[in-house]
Amino acid sequence: EAFVKIRIDRFTLVILAFVGLLIVAAVLTVSRGGDAAMESYRTEDAPETPIYNAFLALQQGDIPMARAQYSAQVLKEAASDTGDGPLHGDAYSYGDVARRLRVTNVKVDPQDANRAYVTVAIDTYTTGGIFNSGDTWTTERTVEVIREDGAWKINAQEYFW
C-alpha cells in the first residue's frame, strides 16, 4: 500500500479559503434575498408612511390595505369614477417586473402642518432583452399627503404604476 502524501502550499490554501468565503457570501446573499413577501408595512407617524404602505400593498395585491392609505376624498372620487383601478377593487399585476420605491424628499407645507409633499423615485427592473439582460428605469413623482383622522393619507389618485 502506497500512500501519496499531498502537500498544499500557502498560496493554494489562501486561494481555496477565498473561494470558500465567496461561496458562503453568495449563499447568504441569495438566502436573504429581496423578497417582497418579507417586507412589512410601516407604522411610524410620518408623511411617507402611507406612500410606502400603499406601494407595498398594491405590489402584494392587498387592496383593503392599499385603500386604507388614501384620504376619504380620494376614495370618494374613485368610487364615482367609472374607470378601473385598485381602489375599485381591481387587482393589478406588475407582471415580470421588480419595483422599488425610494423616498427622496419630504416637505411639510409651511402654511399647513397637516399637508406634506413626498417625492419618491420608483425603480423598475424588467427581464428580457439581449442576453436576458433586462431593462432598468426610474420615474420620480411628488405625491400630496394630508393628515386625516390622526394619520397621514395619500391625497391623490396615485397608484404607482
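Student: How far apart are the closest N and O atoms in the salt bridge of Arg115 with Asp112?

Tutor: A salt bridge here is a side-chain nitrogen of Lys or Arg within 4 Å of a carboxyl oxygen of Asp or Glu. For Arg115 and Asp112, the closest N and O atoms are 3.7 Å apart. This is a predicted model, where local features need pLDDT of at least 70, side-chain atom pairs count only at pLDDT 80 or more, and totals for chains, interfaces and linings use all residues. Residues are numbered from 1 along each chain as its sequence is written, and side-chain values use heavy atoms, leaving out hydrogens and water.

Student: Is Asp123 buried or exposed?

Tutor: Buried means under 20% relative accessible area, exposed over 50%, and partly exposed in between (1.4 Å probe, protein chains only). Asp123 counts as buried because its relative accessibility is 3%. Its salt-bridge partner Arg102, with N to O at 2.7 Å, is partly exposed at 33%.

Student: Which strands hold Asp123 and Arg102?

Tutor: Strands (E, at least two residues) and helices (H or I, at least four) are DSSP runs, numbered from the N terminus. Asp123 lies in strand β2 (residues 115–126) and Arg102 in strand β1 (residues 97–108), so the pair ties together parts 21 residues apart in sequence. Arg100 joins Arg102 and Asp123 in a network of salt bridges.

Student: Where does Asp45 sit, in the pair with Arg147?

Tutor: Arg147 and Asp45 meet through their side chains in a salt bridge of 2.6 Å, N to O. Asp45 is in the loop between α1 (10–32) and α2 (49–60), while Arg147 is in strand β3 (residues 135–148), 102 residues apart.
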